[in-house]
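Let's take a friendly walk through this model together. Have the sequence and the 3D view open side by side as you read.

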Amino acid sequence: AGKASVIELSQEDIRFYGSTSGVPNAAISLKERMRINAEGNIYSVNSYYSTFFGNKAGSNSTGEHNSAFGYESLENITTGSRNTAVGAFALERSYVGDKNTAVGYGAMYASGSANPADVASNNTAIGNLAGSNITTGDRNSILGSSAGSTIETGELNTYVGMYSGGNTGVATSYNVALGYHSLRYANAPQ
């Protein structure tokens, strides 16, 4: 109800058109989404120099130079630009963040926290659920499964190792943790 897809074949290329309108009985406005040319190159169209692969990946994007690979990765990105998300749910809730890199299942999942006014930028999170709760934190470098998972608004943290920085607090900043469980049992600053 309200959604449509069209495939157009020609001698030059194959064009895919789609609509994401979810309004029942609404007029459907189709927009070209992808093209395969005669040379076999696949590229997205009307996506502002962005590339999205995966169900719902980048489905709301108007930002430029974004790349998302995986189920619902960068799903909510609107005007955010220069983001890379690889893995299911990576950067899923980011709306307007810029220059983030999230690799791994759920990496930086909460970025922007489903609130379009929240912005997290210049973060790198690599690993399963790495930096998964960052909402407005900036310039964090996180490597390891569940590393930096309690950061929400903190900035300029460097966490390397599984579970590193796991209990340093939601707004903690300027920490360095190297190794498995490092700073995991630290008390959050008062």
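This is a predicted model: local features need pLDDT of at least 70, side-chain atom pairs count only at pLDDT 80 or more; totals for chains, interfaces and linings use all residues.

Y71 has an aromatic partner. Together with F89 it forms an edge-to-face pair, with 5.4 Å from centre to centre and 85° between the planes. Where do the two rings sit along the chain? Y71 belongs to the loop between β6 and β7, while F89 belongs to the loop between β7 and β8 (101-103), so the pair ties together parts that are 18 residues apart in sequence. Ring pairs also join Y71 and F89 with Y105 and Y109 in a cluster.

A search of the whole structure turns up 5 aromatic pairs. Another edge-to-face pair is made by Y163 and Y180, at 6.2 Å centre to centre and with 65° between the planes. This pair, too, links distant parts of the chain: Y163 is in the loop between β11 (158-160) and β12 (176-178), Y180 is in the segment after β12, and 17 residues separate them. Y163 is partly exposed, because its relative accessibility is 25%, whereas Y180, with a relative accessible area of 57%, is exposed.

Now go back to the loop between β6 (67-69) and β7 (84-86), where you will also find E72. Is E72 buried or exposed? With a relative accessible area of 9%, E72 is buried. Leaving aside residues up to four places away in sequence, E72 touches N55, K56 and A57, and also F89, A90 and E92. F89 is thus a contact of E72 as well as the ring partner of Y71.

Next, look inside. The largest nonpolar core has 20 residues, and those touching the most other members are L74, L91, A102, M108, I134, I142 and Y159.

F53, F69, V86, V103, I126, L143, V160, V176 and L178 make a nonpolar patch of about 720 Å². One of them, I126, is found in strand β9 (residues 124-126). At 36% relative accessibility, I126 counts as partly exposed.

Key. Residues are numbered from 1 along each chain as its sequence is written. Side-chain values use heavy atoms; hydrogens and water are left out. A nonpolar core is a set of buried Ala, Val, Leu, Ile, Met, Phe, Trp, Tyr and Cys residues joined through side-chain atoms within 4.5 Å. Buried means under 20% relative accessible area, exposed over 50%, partly exposed in between (1.4 Å probe, protein chains only). Helices (H or I, at least four residues) and strands (E, at least two) are DSSP runs, numbered from the N terminus. Contact means heavy atoms within 4.5 Å. Patches are made of residues with over 30% relative accessible area and no salt bridge: like charges are joined within 9 Å, nonpolar side chains (Val, Leu, Ile, Met, Phe, Trp, Tyr) within 5 Å. Accessible areas come from the Shrake-Rupley method with a 1.4 Å probe; for residues, only the protein chains shown count as cover. A salt bridge is a side-chain nitrogen of Lys or Arg within 4 Å of a carboxyl oxygen of Asp or Glu. Rings of Phe, Tyr and Trp (its six-membered ring) pair if their centres lie within 6.5 Å; planes under 30 degrees apart count as stacked, over 60 as edge-to-face and the rest as tilted.
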